[in-house]
Amino acid sequence: MSSPDFTDQIIETDVLVIGGGAGGCFAAFAADDLGADVTIIEKAAIRRSGNLATGVDDARFAHPEITISVEEFARTIVEPMEGMVDPNLAYILARECYDRVRELERIGVKMREDDGTIKRFPKRHPAAVWFRGADLKLKMTDEVRRRKIRVIQYTMGTRLLVDRNRVVGAICLNIRDGKFMHIKAKATVLTTGGALRLYSVKGSPFLHHQCPACAGDGIAMAYHAGAELTGMEFQNISVGPSNPRIFSALGAVMDADVPVVDARRQPVAKAITKGANLAQIVLEQAKAGKGPLFWDFPAISEESRIQFARAAMNERPISLKYLKQEGIDLGKDRVEIAHLELEGIASHTGGILIDDECRASVEGLYAAGDEVALIGLRGNSALSAMTLGHRAGRFAAKHVKRIGHGNLNRQQFQEERQRLLAPLNRENGFEPLDLEEKVRNIMTDYCGIEKVGEKMERGLELLSRTRGKYLNQVSAKTPHQLMRFVELCSIFDIAEMHLKASLMRQESRLGLMHLRIDFPSRDDQNWKKLIIIRKLPGGNMNLETRNLPEKRERW
Amino acid sequence: MDVFGFDKDQQVAVVLYPDECWYCGVCELECPEQAVDVRLPLQVRD
């Protein structure tokens, strides 16, 4: 692959949306509504990209006549988060989710049953409803096409361009033909999803429950642009079956009240209403030398099994085929619960710090979706991403009415050129995925679910050494490999942030999201505050504490 | 995840990056010729 002149193409747009998933599509709709020229760049094919690839089975929204009031919904977002949430954003989310539900209906998503009612799932959450979301992403992308919004597929952002503390666009890479692109944008919205590829996964590094294309590029891009991040010490843990390992619809399992039993079919716990509770139980059982644990599907009614299957068909249809492939009959067979798996940074809790207008701390930059911090309510990821995506697009479009394009920072441009061309020009180097495996092993061995200070310090030392020794020996023979190299750099950055923030927070908070064996209790007196991460002008990673956001309105 | 490519000599779609698949099953849903049959890899089966 030849190294082209950098760059091959320059595009000008008002609002650049990086990531064409739930948040990105709704950001684009909102900006388009206000007359902005919008460009979406998407690393894959937009039709099925991101975590909505195969659909979603539920959403949570406030409506006094359908679910619960805005205030009640906002309380359910804030109360479980032990302070790690912005109450103002929580209220905005609660207030505006239903508007996005109406927008989904307008674009053809079937939110209601055939008789016009909305099916509630109060057991999962007081504001939860079930809907037929299998074709959600298809309807969204049909709307993108209908509006003739410019979409550039198979293209990822590699760095945001910054001119005098303002984001003025991005350098992008086409992951198929290797061409580089400079997109000049008056405002940029980051909607690239969470940071998932941080820990080892059994089987293959991409066998995640969620879309593994989400390597944290948006978080890394925001960091290098000088934006503030927070909550990077918190992580998500998932619980799933051991066979087949690919299985979604955990919410549907709990809705169906599938009992959790041991090998002798004795119940292990009474009511498990949240995945977090189940994760805690699995961990405690393992530490007590007990296990294995099973979901006792034969113990539930046939009607519940049918409802479960319906939910799975909306979220991950192929999971039912996998069950059949493995000869598992839910009417007769228990399904073993796998070990706990670390998913990466806690989506909607750790990530880019945004204000009420979804602005990051650098001018011209907005963010929404799994990569923003202090939103809470992980179980409503899709609708939260759409709601804040809409908001980001709206405020980005308003902002660009008043301004022109920024200037190119030539030094930054040249630095990025050097960074991206280096692996292309290097022969016989390491493969990006091999080095990624090393990083993820370090995180699993030295950080993991139960964090210990000295282990994490050793992990940080190894991470730094690994980066220093090997990153500049990675080669990329194809544009696809260059994509993996860019992701690898993001993973290194995020791993460093996660270790440093976890070390700094000398307490445990939010259950398994941040559990320190050496500081096992919550310490509100010293640690009911945020840890803010920012890249300093000299390049160093700075961490400092800050008070929690204050609630501005009474509700 | 862009795991598919195209073999120009054979004029067929190929799985270029099987190790990067997350077995979401979208390819099976989307293939207009219904030519894709996804099976879980051995590592995650009993």
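Reader: What share of the 46 residues of chain B counts as buried, and what makes a residue buried?

Author: Of the 46 residues of chain B, 15% count as buried. A residue is called buried if 20 or more other C-beta atoms, placed from the backbone, lie within 10 Å of its own; with 12 or fewer it is exposed, and in between partly exposed. The model is a predicted one, in which local features need pLDDT of at least 70 and side-chain atom pairs pLDDT 80 or more, while totals for chains, interfaces and linings use all residues. Residues are numbered from 1 along each chain as its sequence is written, with chains lettered from A and ligands numbered from 1 in the order in which they are written.

Reader: Why is strand E5 of chain A called mostly covered?

Author: Five of the six residues of strand E5 (residues 128-133) of chain A are buried, so the strand is mostly covered. A strand here is a DSSP run of at least two residues (E), and a helix one of at least four (H or I), numbered from the N terminus.

Reader: What makes strand E4 of chain A and E5(A) a pair?

Author: Strand E4 (residues 119-120) of chain A and E5(A) have two bridges, also antiparallel, and so meet the requirement of at least two. Here Val129(A) is the bridge partner of Arg120(A).
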